[in-house]
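Work through the exercises below with the sequence and the model at hand. Each task is followed by its solution in steps.

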Amino acid sequence: MTAEVEETIKRIQSQKGVQGIIIVNAEGIPIKSTLDNSSTVQYAGNVHQLLMKARGMVRDIDPQNDLTFLRVRSKKNEIMIAPGVKTI
Amino acid sequence: MEIVYVYTKKRSEFGRQCNFSDRPAELHVDILPDISLAANFTVRDPCNVTVQCAEEMSEHEVNTERFESESRGINHVEGGWPKDLNPEDMEVTIRYRKKVEKDEHYQNTIMQIAGLMEHCCKQNNATDIYQEFFEEEDDEVVEESEEQPSAKTINVFRDPNEVKRTATSLCWHPDGNHKLAVAYSSLEFQRAPNDMSFDSYIWDIENPNKPEMTLKPVSPLVCLEYNPKDSHILVGGSYNGQIAYWDTRKGSQPAEMSTIEHSHRDPVYKVIWLQSKTGTDIFSASTDGQVLWWDIRKMSEPFERLVLDPSKKGNLDNALGAVSLEFETTMPTKFMVGTEQGLVVSCNRKAKTPAEKIVCTYSGHHGPIYALQRNPFFPKNFLTVADWTARIWSEDIKESSIMWTKYHMAHLLDGCWSPVRPSVFFTVKMDGTLDVWDILFKQNDPTLSLKVCDEALCSIRVQDNGRFLGCGSQLGTTTLLEVSAGLCTLQKNEKAMVSEMFERETKREKILEARHREMRLKERSRSEQSREDEGKEADGEESTEELVARAEREFFDIMEAEKKKEWNEERQREKVKDEKGVCEEKDFQEEHETNGIANAELVSYSDHVRNPFYFHNLMYF
């Protein structure tokens, strides 16, 4: 199972234009990262809040709706965030 | 109909205590409706009623007190680790991470979202959704647009001190244009209040609340310039004549200052960086009449000095006070100085003797020349701003400017060319207006005139992209304005048209100059010739006044003779009239008239005589 996970991650990393991948768990701890530690920590810290806000907004407008993907486009690059699925 | 209630009271009852008593209401007047009056009116049908189906809104304005804000950052530290784990410990964290990776839930989730992520990555790679279409066509489209030239204020930077000083000079940061250095001082002679701060500031244009950096000179700075090669170095000329330079990395105090003995004796009005191998040369000008060259590494004394003496003797007492300097890096041997007396002096740096340094002067202004700048596209033409006009000059024509604006109601205090358009320049006036002139569009009036503030605007600088400009006012308020795109994009054929215009005006002035020279030559030759003629006469050489006096005397003698003759004739005619009667009157009148004309001729002749050109003609009679 872990091999598959590794393989998937490698596949994404090899896509054109991908600078790095960070996997963060629910507590905000970066589990896996291909970037250096300080950047990882920065991204991990900021992304969590943004994700909460975005998800909150989507559900506020329509409670049946849920956030599937978040893209943050900036002048220099784009940050793509996929929120994990929460199972009860 | 007036409704009146009349009551009477006895005089003796005045002043008595009031005794109130109740009584039922009495009807005094009852006006009943009079139906016959309705005949004067008609029922309006249909009625026009306006109804608006919208929310009722009212406008309110609120102005809060000035709020000082500061930008701060937060430092992220790792968190989220379970309590018993020490995040600094590498081994423990790795072990924890490995444990999480083995979790089934984790793996399932990753597989799910990885799929999603891959899909989006591929999407990104498939097409560039942010691609700029019509990019090349953009430039042409802009030219066709007939937008009105406009400018709007982006930001206002106020002097944070209580006692306001004039923003005398501005300088944009050489790279990036994100910073603006402003020099503050009080230029009014001896009117600077005692507690006036000497500081000058460097502002970040994004933050108008607080200056990014303070420069603390010994005396207020009148001018300030960034080193175009090294953006950390600034040099400033101060009110007491000293020059100081700062390194922004080293702090607010000047890195070095020039010694008082060798500095200027008057405020340094302009300081410019020179083009040199070391990039450390500057030259400065001041109203004490000197232009000094310095190397900032050795500020103890200037390495060269020039005294602006028009008689070329280097005499400081005769010197003209300099108020502005001009130096163009494409012409490193020449520079120009604008003086307090209204002359522009063009100088050559490489001349061997000090006398040769001053090449020529251009006169035409009535007051100190506050701004002097060559056109960035046509360096042979330069702009001067002084008294109530702005003038454009050509280097070849020394007698007058080739183009000039009309005389305005307020003094013009500063001006500069636009670095992107050869036909556009900006001026600021004492009444707080900013004028944008486009000489290809309109020569008589500014293309755009904006009232920026109520007090005088003392300085203006345009950014290198020609889009933003900063202007400083008398109360230390610096306003950042953005001009519309039409005023900062080069139009097609603009360079050719402007060059044609300058050439045409230069030619006109040349012709006028040639005419003047011719007239002067003629006059000179005539006066020489007449002097020769007089040499032949017995009187020998006479001065002009004597000649004029003699001409006058002779003329008046002639007049007197004529008058006497006429009078005699009149007397004769009267005698004849008495004898001949009324029928002769007509002839008499005619004669009178002709005599009248003769008188008129004589009178106009006297005007001619007064004119020195024409008295020579009289001599020949």
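**Exercise 1.** Describe the area buried between chain B and chain A and the residues that make the contact.

Solution. The area buried between chain B and chain A comes to about 3,000 Å², where buried area is the accessible area (1.4 Å probe) that two parts lose on being put together, summed over both. Carbon and sulfur atoms give 63% of this area. Next, list the contacts, meaning heavy atoms within 4.5 Å: 32 residues of chain B meet 35 residues of chain A.

The model is predicted, so local features need pLDDT of at least 70 and side-chain atom pairs count only at pLDDT 80 or more, while totals for chains, interfaces and linings use all residues. Residues are numbered from 1 along each chain as its sequence is written, chains are lettered from A and ligands numbered from 1 in the order in which they are written, and side-chain values use heavy atoms, with hydrogens and water left out.

**Exercise 2.** Find the salt bridge between chain B and chain A, then characterise the side of chain B that touches chain A.

Solution. Search for a side-chain nitrogen of Lys or Arg within 4 Å of a carboxyl oxygen of Asp or Glu, which defines a salt bridge. The count is one: Glu118(B) pairs with Arg11(A), with 3.2 Å between the closest N and O atoms. Then turn to the secondary structure, in which helices (H or I, at least four residues) and strands (E, at least two) are DSSP runs, numbered from the N terminus. Helix 1 (90–102) and helix 2 (104–126) of chain B each supply at least two residues of the side that touches chain A. Helix 2 of chain B gives the most, with 19 residues. By class, the residues on this side of chain B are 15 nonpolar, 11 polar and six charged; Ala, Val, Leu, Ile, Met, Phe, Trp, Tyr, Cys and Pro count as nonpolar, Asp, Glu, Lys and Arg as charged, and the others, Gly among them, as polar.
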